[in-house]
Amino acid sequence: MNLSERIAYIRGLADGLKLDEDKDEVKVLSAIIDLLEDMAYDVQNMEEIVDDVCNQVDEIDEDLCEVEEFVYGDDFCDDWEYDDDEDFSDEDAYYEVTCPSCGETTILDEEALLGGEINCPECGEKLEFDFSDLLNEEEEPEE
């Protein structure tokens, strides 16, 4: 039974008691049932809105996947695995690094990348990162 049906059942039970409508207790009970009906209506509207938003997010996700496949390659969305345990905040920068030996893609934060090297988690191959060219460009004055 959904909320509306349950509240209609409660209203039916209350009406079946044939209570005196002039008593304060009956007025309170009737007001509570009216409030429950209003709340059930609001909840139903919110559920519809959430369903619409979820559908829109799914469409955006599909569109984003198409863009990612265009930018990163045909199988990007199929290969992407997101670990719910990882904490990806908007403030942190993350980078994809592909091992030249085994082809495994690893996601690194900026700190790990600036560390200069890591071992591939898949095959153990040492991956080195050299930023000296970038640092030299930043240090040279612009002409």
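## Surroundings of Thr106

Setting aside neighbours within four places in sequence, Thr106 is in contact (heavy atoms within 4.5 Å) with Tyr95, Glu96, Val97 and Pro121. Thr106 lies in strand S2, where helices (H or I, at least four residues) and strands (E, at least two) are DSSP runs, numbered from the N terminus. With a relative accessible area of 12%, Thr106 is buried; buried means under 20% relative accessible area, exposed over 50%, and partly exposed in between, using a 1.4 Å probe and protein chains only.

This is a predicted model, in which local features need pLDDT of at least 70 and side-chain atom pairs count only at pLDDT 80 or more, while totals for chains, interfaces and linings use all residues. Residues are numbered from 1 along each chain as its sequence is written, and side-chain values use heavy atoms, with hydrogens and water left out.

Strands S1 (residues 94–98) and S2 (residues 105–109) run antiparallel and are joined by five bridges; two strands pair if DSSP finds at least two bridges between them. Glu96 stands opposite Ile107 in S2. Six residues separate the strands of this hairpin, in which Gly103 takes a positive phi near 80°.

## Nonpolar core

The largest nonpolar core comprises eight residues: Val97, Cys99, Leu108, Leu113, Ile118, Cys120, Leu127 and Phe129. Such a core is a set of buried Ala, Val, Leu, Ile, Met, Phe, Trp, Tyr and Cys residues joined through side-chain atoms within 4.5 Å. In soluble globular proteins, nonpolar side chains tend to be buried together.

Not counting residues up to four places away in sequence, Val97 touches Glu104, Thr105, Thr106, Leu108, Leu113, Leu127 and Phe129.

## Cysteines

The structure holds zero disulfides, a disulfide being a pair of cysteine sulfur atoms within 2.5 Å. Cys99 is in no disulfide, and the nearest cysteine sulfur, that of Cys123, is 3.7 Å away. Cys99 counts as buried at 2% relative accessibility, whereas Cys123 is partly exposed, with a relative accessible area of 40%.

## Helix H2

Helix H2 (residues 24–72) has 49 residues, which at 1.5 Å a residue should span 72 Å; the end C-alpha atoms of H2 are 69 Å apart, in agreement with that value. The expected span is 1.5 Å times one less than the number of residues in the helix.

The buried residues of H2 are Val26, Ile33, Ala40 and Cys65. Gly73 follows H2 and has a positive phi, near 130°.
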